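Try each task on the structure before you follow the worked solution.

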Amino acid sequence: MLSRTRLGDLAGLLVGAGLLSYLLLELVYEDLPPLAPVTPAPLAVLAVAEFALARRVRRVVGRDPDVKAMTAIAIARLVALGKASALVGAGAAGAALGLAAHVLPDVGRVDVARADAIVAVLVAAAALALAVAGLALERAGVAPTGRAGG
């Protein structure tokens, strides 16, 4: 059985990924191509989809009569997807914040640094949204407390 994702675990992952990416970028940033402006789009699309799934799963688990039922295995898979997405979102947000910290000192002097800083902030926002959506999806699959018979 999967244990519930703790916020402290996500915070640790975010900080660790941020520090690691910052240190790695100190070594290789000059050799990397500029980030594409569409880089945050997949994370944002996943976040929106998972928020929608979380809403549906929450209604199914709460036995809303207006929602088509889902199998238990489908709900379990979505809970696992939510957990994985929360972890990926936290790690990606940390990496993006590490990039932002690396390029911010050069934003006023280097055009590529300014563009990368903007993309890094957008990636961080999309990744944080994915982490929150993942947590919402993970928690949506848990039956409300006090309800007998699950």
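This is a predicted model: local features need pLDDT of at least 70, side-chain atom pairs count only at pLDDT 80 or more; totals for chains, interfaces and linings use all residues.

**Exercise 1. Is Ala-124 buried or exposed, and which residues is Ala-124 in contact with beyond its neighbours in sequence?**

Solution. Start with the accessibility: Ala-124 has a relative accessibility of 4% and therefore counts as buried, where buried means under 20% relative accessible area, exposed means over 50% and partly exposed lies in between, with a 1.4 Å probe and protein chains only. Next place the residue, which lies in helix H4; helices here are DSSP runs of H or I with at least four residues, numbered from the N terminus. Then list the partners: once neighbours within four places in sequence are left aside, Ala-124 is in contact with Ala-93, Ala-96 and Leu-97, contact meaning heavy atoms within 4.5 Å.

Residues are numbered from 1 along each chain as its sequence is written, and side-chain values use heavy atoms, with hydrogens and water left out.

**Exercise 2. Describe how H3 and H4 are arranged, and which classes of residue make up their contact.**

Solution. First take the axes: those of helix H3 (residues 72-103) and H4 come within 7 Å and cross at roughly 160°, the axes being lines fitted to C-alpha atoms over the stretch in contact and the angles running from 0 to 180 degrees between N-to-C directions. That angle makes H3 roughly antiparallel to H4, since angles over 145 degrees count as roughly antiparallel, under 35 as roughly parallel, 65 to 115 as roughly perpendicular and the rest as oblique. The crossing of H3 and H4 is left-handed, which is the case if the near helix is turned anticlockwise from the far one by less than a right angle, clockwise being right-handed. Last, sort the residues of the contact of H3 with H4, which divide into 23 nonpolar, four polar and three charged; Ala, Val, Leu, Ile, Met, Phe, Trp, Tyr, Cys and Pro count as nonpolar, Asp, Glu, Lys and Arg as charged, and the others, Gly among them, as polar.

**Exercise 3. Work out how H2 packs against H4, and then how H2 packs against H3.**

Solution. Begin with helix H2 (residues 41-61) and helix H4 (residues 111-140), whose axes come within 8 Å and cross at roughly 15°. The two helices are therefore roughly parallel to each other, and the crossing of H2 and H4 is left-handed. Residues that make this contact include Leu-43, Phe-51 and Val-57 of H2 and Val-123, Leu-130 and Leu-137 of H4, and by class the residues of the contact of H2 with H4 divide into 19 nonpolar, one polar and two charged.

Now turn to H2 and H3, which pack at an angle of about 145° with their axes 11 Å apart, again with a left-handed crossing. Among the residues in this contact are Leu-53 and Val-60 of H2 and Ile-75, Gly-82 and Ser-85 of H3, and the contact of H2 with H3 has nine nonpolar, two polar and one charged residues.

**Exercise 4. How many salt bridges does the structure hold, and how exposed are the partners in three of them?**

Solution. The structure holds five salt bridges, each a side-chain nitrogen of Lys or Arg within 4 Å of a carboxyl oxygen of Asp or Glu.

- Asp-64 forms a salt bridge with Arg-59, with the closest N and O atoms 2.9 Å apart; Asp-64 is partly exposed at 22%, and Arg-59 is partly exposed at 29%.
- Asp-106 pairs with Arg-109 in a salt bridge, the closest N and O atoms being 2.3 Å apart; Asp-106 is partly exposed at 27%, whereas Arg-109 is exposed at 64%.
- Asp-111 forms a salt bridge with Arg-114 at 2.5 Å between the closest N and O atoms, and both lie in helix H4, three residues apart, about one turn of the helix; Asp-111 is exposed at 56%, whereas Arg-114 is partly exposed at 36%.
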